[in-house]
Amino acid sequence: CNISAVKMGKATHGCGGFKKNRQALLYLLSDREGSLKVGITGMKHSYARLQHHRQHGWDVVHTVEKRSGYAVARWEQEVLSWWRNELLAPMTKTAEDMPQGGFTETASIRKVGMKNTINYIESLVTA
């Protein structure tokens with residue numbers, strides 16, 4: 001998701017018109033090549049956004065719906081910070097790999113763990 005555009009109140013294709021003051025969805029995806037992708041979208045556009053990822057070979061492995069997009073955006077950033085700063089997991093995709101957007105929000109399943117990431121997300125949700 002293009003957070004800088006979201007902060008300015010602009011809709012972006014990567015967020016499905018994400019608005020922080022509306023109901024939103026945090027999602028975790030996996031692909032056959034061993035990558036995870038965390039992302040956010042507004043509930044109004046969530047089906048289309050997830051379908052777009054599915055068409056590019058991604059499977060939905062976990063979702064969390066929240067009335068406040070502020071919380072969902074914070075959780076996404078916390079997951080990315082955990083992946084990059086604590087687990088030292090680099091991005092596994094490039095812009096060319098992901099024409100639908102979101103390559104900066106990817107990591108290796110081997111490096112971060114699918115179950116570990118789901119547990120981490122759930123710890124954020126229940127905190």
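**Exercise 1. Locate L88 and decide whether L88 is buried or exposed.**

Step 1. L88 lies in the loop between α3 and β4. Helices (H or I, at least four residues) and strands (E, at least two) are DSSP runs, numbered from the N terminus. This is a predicted model: local features need pLDDT of at least 70, side-chain atom pairs count only at pLDDT 80 or more, and totals for chains, interfaces and linings use all residues. Residues are numbered from 1 along each chain as its sequence is written, and side-chain values use heavy atoms, with hydrogens and water left out.

Step 2. Look at the backbone. Phi of L88 is near 55°, a positive value in a residue other than glycine.

Step 3. Apply the cut-offs. Buried means under 20% relative accessible area, exposed over 50%, partly exposed in between (1.4 Å probe, protein chains only). L88 has 59% relative accessibility, so L88 counts as exposed.

**Exercise 2. Work out the strand order of the open sheet and find which strands stand at its edges.**

Step 1. Two strands pair if DSSP finds at least two bridges between them. Strands of a sheet pair through backbone hydrogen bonds, either parallel or antiparallel.

Step 2. The four strands have the order β3-β1-β2-β4, with antiparallel pairing.

Step 3. β3 (58-66) and β4 (106-108) are the edge strands. Each has a single partner strand, so one side of each is left without a neighbour in the sheet.

**Exercise 3. Trace the partners of β2 and state how many of its residues are buried.**

Step 1. β1 (residues 24-31) and β2 (residues 35-42) pair in the antiparallel sense over seven bridges. They form a hairpin with three residues between them. G34 in the turn has a positive phi of about 90°.

Step 2. Turn to β4. Three bridges join β2 to β4, which run antiparallel. K37 stands opposite T106 in β4.

Step 3. Check the cover. Eight of the eight residues of β2 are buried. S35, K37, G39 and T41 lie on one side, and L36, V38, I40 and G42 on the other.

**Exercise 4. Classify the one aromatic pair.**

Step 1. Rings of Phe, Tyr and Trp (its six-membered ring) pair if their centres lie within 6.5 Å; planes under 30 degrees apart count as stacked, over 60 as edge-to-face and the rest as tilted.

Step 2. The rings of W82 and Y120 have centres 4.2 Å apart and planes at 5°, so the pair is stacked.

Step 3. W82 is in α3 (residues 69-86) and Y120 in α5 (residues 114-126), so the pair ties together parts 38 residues apart in sequence. Both W82 and Y120 are buried.
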